[in-house]
Amino acid sequence: MDDSVYVGNAGVDGATDTGWLLGHFRPPGDVRHSTEVEVKWGVHPAGEARAQWATGERRTALLVLISGRFRVELPDRTVVLGTPGDYVVWGRGVDHSWYAERESVVLTVRWPSVPGYRVGPPLLR
């Protein structure tokens with residue numbers, strides 16, 4: 001087996017770490033370990049919300065809607081992603097939160113991969 005190749009399923013693999021597939025949190029030596037980027041396959045039931053606002057952000061993020069309807073709250077605006085492929089990007093220093101208006105699947109890419117951002121489980125409203 002080649003340790004520089006990993007084949008998996010985002011839904012299955014993501015279920016073991018709240019959706020996070022790639023980043024600093026994977027063990028060193030795992031091809032999915034990275035301090036440069038994080039990737040998440042987020043599956044969110046309708047009504048689920050981020051437990052608290054992310055503040056003091058030191059990363060840039062890209063969030064792409066795969067299915068559903070998903071709202072991203074930013075300090076100066078609300079972005080509603082309603083069509084598969086809709087996406088939003090926000091930079092370092094931009095606080096954010098989110099809410100799944102319908103059952104949603106989103107792909108999130110953040111860079112760099114920085115330890116210390118994990119918060120408690122999302123809230124169901």
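Start by selecting Ser-67, which is partly exposed at a relative accessible area of 29%. Here, buried means under 20% relative accessible area, exposed means over 50%, and partly exposed is what lies in between, using a 1.4 Å probe and protein chains only. Ser-67 sits in strand 4, residues 60–67. Strands (E, at least two residues) and helices (H or I, at least four) are DSSP runs, numbered from the N terminus.

Before you click further, note that this is a predicted model, where local features need pLDDT of at least 70, side-chain atom pairs count only at pLDDT 80 or more, and totals for chains, interfaces and linings use all residues. Residues are numbered from 1 along each chain as its sequence is written, and side-chain values use heavy atoms, with hydrogens and water left out.

Now, what touches Ser-67? Leaving aside neighbours within four places in sequence, Ser-67 is in contact with Glu-103, Ser-104 and Val-105; contact means heavy atoms within 4.5 Å.

**Zoom out**

Switch to a cartoon view and you'll find 1 helix and 10 strands. The C-alpha trace spans about 45 × 30 × 25 Å along its principal axes. A compact globule of 125 residues would have a radius of gyration near 14 Å, and this protein agrees, with 14 Å. That radius is taken over C-alpha atoms, and the globule rule is 2.2 Å times the number of residues to the power 0.38.

How many of the residues are buried? Of the 125, 41% count as buried. Look at the contacts as well: among those with a separation of 6 or more, 67% are between residues 24 or more positions apart.

Next, select Glu-38 and Arg-110. They form a salt bridge, with the closest N and O atoms 2.6 Å apart; the term means a side-chain nitrogen of Lys or Arg within 4 Å of a carboxyl oxygen of Asp or Glu. Glu-38 lies in strand 2 (residues 38–44) and Arg-110 in strand 9 (residues 104–111), so this pair ties together parts that are 72 residues apart in sequence. Both Glu-38 and Arg-110 are buried.

Move on to Arg-59 and Glu-57, another salt bridge with its closest N and O atoms 2.6 Å apart. Arg-59 is buried at a relative accessible area of 1%, and Glu-57 is buried too, at 4%. Show these four residues together: salt bridges that share partners join Glu-38, Glu-57, Arg-59 and Arg-110 into one network.

Then pick Glu-73 and Arg-71, whose side chains meet in a salt bridge at 2.6 Å, N to O. Both of these residues are buried. The count for the model comes to 8 salt bridges.

**Last stop: two prolines**

Where is Pro-112? Look in the loop between strand 9 and strand 10 (123–124). Check the peptide bond from Trp-111 to Pro-112, which is cis, with omega near -10°.

Pro-115 lies in the loop between strand 9 and strand 10 as well. Not counting residues up to four places away in sequence, Pro-115 touches His-24 and Arg-58. Finish by selecting Phe-25, which is 90 residues from Pro-115 in sequence but 7.5 Å away in space, C-alpha to C-alpha.
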